[in-house]
Amino acid sequence: MAGDETYWPAELFADLERTGPVPLYYQVSTRLERAIKAGTIPAGARLENEIAIAQKLGLSRPTIRRAIQELVDKGLLVRRRGIGTQVVQGQVVTRQVELTSLYDDLANTHHTPSTRVLTHEIVPASDEVAAHLGVAAGSDVVYLRRQRSTDGTPVAVLENFLPGEFADITVEQLETQGLYQVLRTRGVTIRVAKQKIGARSAENDESTLLEIDEGGPVLTVERTAFDDSGRAFEFGVHCYRPDMYSFETTLVAK
């Protein structure tokens, strides 16, 4: 399929019930969902815009917008800036809330992770970073910023701060391995972490890096990890595309 070609299986909607009790947006949404799951509409296919679809089906644009939003919310479609509405490439990444790296989780679930290093530099520790790492404010720390993708689709923007002793970690290592994997080769035994999961609007260049709408929602994780001596060796602030990523945990009653 050409990069600028759009897809719309009009035959799926030939028998819409326009006077029945089932809302039209729901009829359009469910038929699209079945077609996507059956592979009739292939992964990566780009749908025509809402105005064109509404005209072809003789429906209002709000009806089409709501039908498409239903599938965006289910993680089957994604609105990508400069591209349009597209069928999600592969399944949404579901990650157990465990002390693992995103790179390892992707690789272990048969995804193909890739990393683009955006920043690799030594910076003075801010008060916040110093407090998390247990170092003096203003001391040298390593600042890393990376874009993590899976199967060619951006999933996360990862920011990490490490003690200055890890300044010799290379860009090449970060592009081919997960950060925790690199740290293990340096003798770090990863033991425990404090983690906070939240959500906010995308900031600065995050919308561009994640290929989402300007100011769109992102999932966030803030994590401080400690080695077996109790020393903090990493402070991370990460954001994730919510249509491509979710967290899963098991709760047990006491």
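## Exercises on a predicted model

The largest pocket in this predicted model has a volume of about 260 Å³. Let's begin there.

**Exercise 1.** Find which element gives the most to the lining of the largest pocket.

*Solution.* Start with the lining residues, among them Gln69, Val72, Asp73, Val78 and Arg79. Finally, α3 comes out ahead, with three residues in the lining.

**Exercise 2.** Work out which strands stand at the edges of the open six-stranded sheet.

*Solution.* Write down the strand order first: β4-β5-β6-β9-β8-β7, with antiparallel pairing. Now look at the two ends. β4 (113-124) and β7 (190-201) each have a single partner strand, so one side of each is left without a neighbour in the sheet.

**Exercise 3.** Find how many bridges join β5 to β6, and which residue is the bridge partner of Thr150.

*Solution.* Locate β5 at residues 140-150 and β6 at residues 153-163. These antiparallel strands are joined by ten bridges. Then go to Thr150: its bridge partner in β6 is Thr153.

**Exercise 4.** Describe the whole protein by its elements and its burial.

*Solution.* Count the elements: eight helices and ten strands. Then turn to burial, taking under 20% relative accessible area as the cut-off. Of the 254 residues, 46% count as buried.

How values were computed:
Residues numbered from 1 in each chain as written. Predicted model: local features only at pLDDT ≥ 70, side-chain atom pairs only at ≥ 80, totals over all residues. Heavy atoms only, no water. Pairing = 2+ DSSP bridges. Helix = DSSP H or I, 4+ residues; strand = E, 2+ residues; numbered from the N terminus. Buried < 20%, exposed > 50% of the residue type's maximum accessible area, 1.4 Å probe, protein only. 1 Å grid on protein atoms, 1.4 Å probe; cavity = no way out; pocket = protein on both sides within 12 Å on 5 of 7 lines; lining within 4 Å. Points joined across faces, edges and corners; volume = space filled by probe spheres on them.
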